[in-house]
Amino acid sequence: MKLTIEAGITKIPDFAFLGCRTVKEFLIPNGIKEVGDCAFCNCAGITNMDIPDGVESIGLSAFEK
């Protein structure tokens with residue numbers, strides 16, 4: 001499954017996708033400025049994610065497995 005984060009969103013909140021195992025690919029738009037703490041924790045199924053150059057802050061343990 002592929003998930004596209006909606007344009008116009010500037011922050012992926014803390015724990016937004018905690019434990020999500022069904023999404024394999026996240027498409028993050030250029031407008032994202034911040035990835036919250038543990039936003040993608042325990043998302044063991046992710047095989048592809050491009051983080052745009054405009055991201056200014058990545059929270060603690062944002063991608064912890």
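Glu34 is partly exposed, with a relative accessible area of 31%. Keep in mind that this is a predicted model. What does the side chain of Glu34 meet in a salt bridge? The partner is Lys11, at 3.6 Å from N to O. Lys11 is partly exposed as well, at 36% relative accessibility. The count for the structure is one salt bridge.

Now place the two residues. Side chains of opposite charge can pair when their charged atoms come close.

S2 and S4 pair in the parallel sense, over two bridges. Look at Ile12: its bridge partner in S4 is Val35. The open sheet has three strands, in the order S2-S4-S6, and the pairing is parallel. Which strands are at the edges? S2 and S6, and each of them pairs on one side only.

Next, the aromatic rings. A pair of aromatic rings is described by the distance of the centres and the angle of the planes. How many aromatic pairs does a search of the whole structure find? Four. One of them joins Phe17 and Phe40. That pair is stacked, 5.3 Å centre to centre, with 10° between the planes. Phe17 is in the loop between strand S2 (11-12) and strand S3 (25-27). Phe40 is in the loop between strand S4 (34-35) and strand S5 (48-50). So this pair ties together parts that are 23 residues apart in sequence.

Stay with Phe40. Its relative accessible area is 2%, so Phe40 is buried; the cut-off is under 20%. Phe40 also pairs with Phe63. Here the ring centres are 5.4 Å apart and the planes are at 0°, so the pair is stacked. Phe63 belongs to the segment after strand S6 (57-58), and the pair links distant parts of the chain, 23 residues apart. Put together, Phe17, Phe26, Phe40 and Phe63 form one aromatic cluster.

Is Phe63 buried or partly exposed? Partly exposed, at 34% relative accessibility. With Ile51 and Ile58, Phe63 forms a nonpolar patch on the surface. Together the three have about 250 Å² of accessible area. Ile58 lies in strand S6, and Ile58 is partly exposed, with a relative accessible area of 44%.

Last topic: the cysteines. A disulfide is a covalent bond between the sulfur atoms of two cysteines. The structure holds one disulfide. The bond joins Cys38 to Cys41, with an S to S distance of 1.7 Å. The torsion about the S-S bond of Cys38 and Cys41 is about -130°, so the disulfide is left-handed. Both Cys38 and Cys41 are buried.

What about Cys20? Cys20 is in no disulfide. The nearest cysteine sulfur is that of Cys43, 5.2 Å away. Cys20 is buried, with a relative accessible area of 18%. Cys43 counts as buried too, at 3% relative accessibility.

How values were computed. Residues numbered from 1 in each chain as written. Predicted model: local features only at pLDDT ≥ 70, side-chain atom pairs only at ≥ 80, totals over all residues. Heavy atoms only, no water. Phe/Tyr/Trp six-rings, centres within 6.5 Å; stacked < 30°, edge-to-face > 60°. Helix = DSSP H or I, 4+ residues; strand = E, 2+ residues; numbered from the N terminus. Buried < 20%, exposed > 50% of the residue type's maximum accessible area, 1.4 Å probe, protein only. Pairing = 2+ DSSP bridges. Patch = residues over 30% accessible without salt bridge, like charges linked within 9 Å, V, L, I, M, F, W, Y side chains within 5 Å. Areas by Shrake-Rupley, 256 points an atom, 1.4 Å probe, with all protein chains shown as cover. Salt bridge = Lys/Arg side-chain N within 4 Å of Asp/Glu carboxyl O. Disulfide = S-S within 2.5 Å.
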